[in-house]
Amino acid sequence: MKKQVVLYKKLSPALMARLQEHAEVTLIDSLDAEGLARLRAALPHAHGLLGASLKLDAQLLDLAPNLEAIASVSVGVDNYDIDYLTERRILLTNTPDVLTETTADTGFALILATARRVVELANMVRAGQWQRNIGPAQFGSDVHGKTLGIIGMGRIGEALAQRGHFGFGMPVIYHSHSPKPAVEQRFNAQYRSLPELLQQADFVCLTLPLTAETEGLIGAQQFAQMRPETIFINISRGKVVDEKALIEALRAEQIRAAGLDVFEREPLDPDSPLLQLDNVVATPHIGSATHETREAMAGCAVNNLLAALAGELPKNLVNVRAWKD
Ligand code: DGY
């Protein structure tokens, strides 16, 4: 008999057909109140779950006594209680690698947009306010040759370093759990303590996951260590930053600008003070959001789920301790 899968993200017809070949699929096509009620009703029969952008807490998962695996269509796994899943021997998989380059592109888009004030000045043109040649009041700052500071040197951090080093001639400094000699060799990158990086980088870029350890890592004290020229970029998770402290730092001109793809609460409140500031470029969590990459991520999640439900070791298992040999 086919296993039951609850899908809470739409798949392309090709991926849907592949999943349906091996499983009975219940599609929850939106996560509004009605969708959530349908999800709750489907959980008691579910062997597998596939989706993204939903906090699957113990209260919800207690409704799913037969659950064997969750395939998240994301690299970040902060929506899951990994200890709880491991205790229940529910396999959790994610979709690393396939989104690395696209997410690093997003990081660089924010670096360029903030430094060269692309959004602010494009809006000026659109509003019919370009009436004479621009002057120093509209000038931006260079990207090439400036110091790129990366906090969290994982795959995405490396892809950002590659762009900065080879594409823009930027000296790369980084901070992570421990020094990474291979990265240092490839990109001529140098390890720094967190305070050193905050003081020295022209661009401070966050690419690290949200964990108990990284939550609130960048707050008032850290913004105070940056310079008035510093541009702050966040493509990781909003909760790594104290958003109030960021707003204060921008208002007090402790830093020059911020490029933000992620926020403490998403979607961002339209009344957020961040949106009142011309030197903030805010995007709606577009890190991996291209047609090609989202399809690759969904394909990866389908493969992971089908492997897990077939009793095979999925390629991108997050909670390895839940795997029973
Ligand atoms: C990820 O894959 O974690 C991206 O941030 C999308 O949520």
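Tutor: A definition to start with: buried means under 20% relative accessible area, exposed over 50%, and partly exposed in between, with a 1.4 Å probe and protein chains only. The model is predicted, so local features need pLDDT of at least 70, side-chain atom pairs count only at pLDDT 80 or more, and totals for chains, interfaces and linings use all residues. Residues are numbered from 1 along each chain as its sequence is written, and side-chain values use heavy atoms, with hydrogens and water left out.

Student: What makes Ser53 count as exposed?
Tutor: Its relative accessibility is 67%, and exposed means over 50%, so Ser53 counts as exposed. Ser53 is in the loop between β3 (48-51) and α3 (58-61); helices (H or I, at least four residues) and strands (E, at least two) are DSSP runs, numbered from the N terminus. Phi of Ser53 is near 60 degrees, a positive value in a residue other than glycine.

Student: What makes a set of residues a nonpolar core?
Tutor: The members are buried Ala, Val, Leu, Ile, Met, Phe, Trp, Tyr and Cys residues joined through side-chain atoms within 4.5 Å. The largest nonpolar core here has 52 residues, and Leu11, Leu19, Leu50, Leu148 and Phe203 touch the most other members. Helix α12 (residues 291-309) gives this core its largest share, eight residues. At least three residues come from each of domain 1 (3-98 + 291-322) and domain 2 (100-282); the domain bounds come from an automatic or database domain assignment. Another core, of 28 residues, lies apart from it and includes Ala201, Phe232, Ala249 and Leu250.

Student: Which residues is Leu11 in contact with, leaving aside neighbours within four places in sequence?
Tutor: They are Met16, Leu19, Leu50, Ala298 and Val302.

Student: How do you know that α1 is roughly parallel to α12?
Tutor: Helix α1 (residues 13-22) and α12 pack at an angle of about 5 degrees, with their axes 10 Å apart. Axes are lines fitted to C-alpha atoms, for helices over the stretch in contact, and angles run from 0 to 180 degrees between N-to-C directions. Angles under 35 degrees count as roughly parallel, over 145 as roughly antiparallel, 65 to 115 as roughly perpendicular and the rest as oblique. That is why α1 is called roughly parallel to α12.

Student: Which residues of α1 make this contact?
Tutor: On α1 they are Leu15, Arg18, Leu19 and His22, and they meet residues of α12 including Glu295, Ala298 and Val302.

Student: How far apart are the C-alpha centres of domain 1 and domain 2?
Tutor: Those centres lie 32 Å apart. The contact takes six residues from domain 1 and five residues from domain 2.

Notes. Contact means heavy atoms within 4.5 Å.
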